[in-house]
Amino acid sequence: QVHLVESGGGLVQAGGSLRLSCAASGSVFSFATMGWYRQAPGKQRDLVAHMTSSGNTNYADSVKGRFTISRDYAKNTVYLQMNGLKPEDTAVYYCKALYRTYVYWGQGTQVTVSS
């Protein structure tokens with residue numbers, strides 16, 4: 001049983017920052033990939049950023065230079081530091097973890113950026 005729990009979402013003004021956290025519980029293994037997706041109303045769920053167990057990262061073009069993903073492998077936790085937030089970043093942010101062929105999703109945390 002694996003559970004991913006996100007935290008750190010909230011309301012912030014444009015240009016502000018938020019730091020999202022996703023902690024995995026109920027697992028004793030290391031995820032090959034952990035990352036973040038987001039879904040805004042009327043849109044599909046898209047990749048924001050992910051990070052492999054070897055430290056490789058990938059970012060959506062829309063967040064490059066503004067968001068930074070990091071992982072604490074010992075704690076099985078992934079973070080997303082979001083700077084320079086824009087109203088278009090408003091969405092529910094979901095944590096995703098991959099282990100072998102298994103995909104796990106968090107409940108999601110709301111990020112709202114006001115202008």
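**Entry 1**

I looked up threonine 33 and found it opposite threonine 52 in E5. The model is a predicted one, in which local features need pLDDT of at least 70 and side-chain atom pairs count only at pLDDT 80 or more, while totals for chains, interfaces and linings use all residues. Residues are numbered from 1 along each chain as its sequence is written, and side-chain values use heavy atoms, with hydrogens and water left out.

I noted the rules for strands before going on. Helices (H or I, at least four residues) and strands (E, at least two) are DSSP runs, numbered from the N terminus. Two strands pair if DSSP finds at least two bridges between them.

Strand E4 covers residues 33-39 and strand E5 covers residues 46-52; I found six bridges between them, in the antiparallel sense. Their hairpin has six residues between the strands, and in this hairpin glycine 42 takes a positive phi near 80°.

I then followed E5 to strand E6 (residues 57-59), to which three bridges join it, again antiparallel. Methionine 51 has threonine 57 in E6 as its bridge partner. The hairpin of E5 and E6 has four residues between the strands, and here I found glycine 55 with a positive phi near 100°.

**Entry 2: the sheet of four strands**

I traced an open sheet of four strands, paired antiparallel in the order E1-E3-E8-E7. Strand E1 (3-7) and strand E7 (67-72) are the edge strands, as each pairs on one side only. From one strand to the next the twist averages 15°. For such angles, axes are lines fitted to C-alpha atoms (for helices over the stretch in contact), and the angles run from 0 to 180 degrees between N-to-C directions.

Within this sheet I checked strand E3 (residues 18-25) against strand E8 (residues 77-82), and six bridges join the two in antiparallel fashion. Alanine 23 has threonine 77 of E8 opposite. As a reminder to myself, side chains in a regular strand alternate between the two faces of the sheet.

**Entry 3: the disulfide**

How many disulfides does the structure hold? I found one disulfide, a term that stands for a pair of cysteine sulfur atoms within 2.5 Å. Cysteine 22 and cysteine 95 form it, with their sulfur atoms 2.0 Å apart. The angle about the S-S bond is -85°, and the link of cysteine 22 and cysteine 95 is left-handed. Cysteine 22 lies in strand E3 and cysteine 95 in strand E9, so the pair links distant parts of the chain, 73 residues apart.

Are the two cysteines buried or exposed? Buried means under 20% relative accessible area and exposed over 50%, with partly exposed in between (1.4 Å probe, protein chains only). Cysteine 22 counts as buried at 0% relative accessibility, and cysteine 95 is buried with a relative accessible area of 0%.

**Entry 4: salt bridges**

I counted three salt bridges, each being a side-chain nitrogen of Lys or Arg within 4 Å of a carboxyl oxygen of Asp or Glu.

One of them joins lysine 64 and aspartate 61 at 3.0 Å, N to O. Lysine 64 and aspartate 61 are exposed.

Aspartate 89 forms a salt bridge with arginine 66, and their closest N and O atoms are 2.7 Å apart. Aspartate 89 is in the loop between E8 and E9 and arginine 66 in the loop between E6 and E7, so the pair ties together parts that are 23 residues apart in sequence. I found arginine 66 buried, with a relative accessible area of 12%; aspartate 89 is buried at 0%.

Arginine 38 and aspartate 89 also meet in a salt bridge, at 2.9 Å from N to O. This pair links distant parts of the chain, with arginine 38 in strand E4 and aspartate 89 in the loop between E8 and strand E9 (91-99), 51 residues apart. I recorded Arg38, Arg66 and Asp89 as linked in a network of salt bridges.

**Entry 5: around arginine 38**

I went back to arginine 38, which is buried with a relative accessible area of 14%. Its side chain has a polar contact of 3.2 Å with the side chain of serine 62. A polar contact is a pair of N or O atoms within 3.5 Å; within protein, one must be able to donate a hydrogen and the other to accept it, and residues adjacent in sequence count only if both atoms are side-chain atoms.

Which residues does arginine 38 touch, not counting residues up to four places away in sequence? Among them are Gln44, Asp46, Val48, Phe67, Glu88 and Tyr93, where contact means heavy atoms within 4.5 Å.
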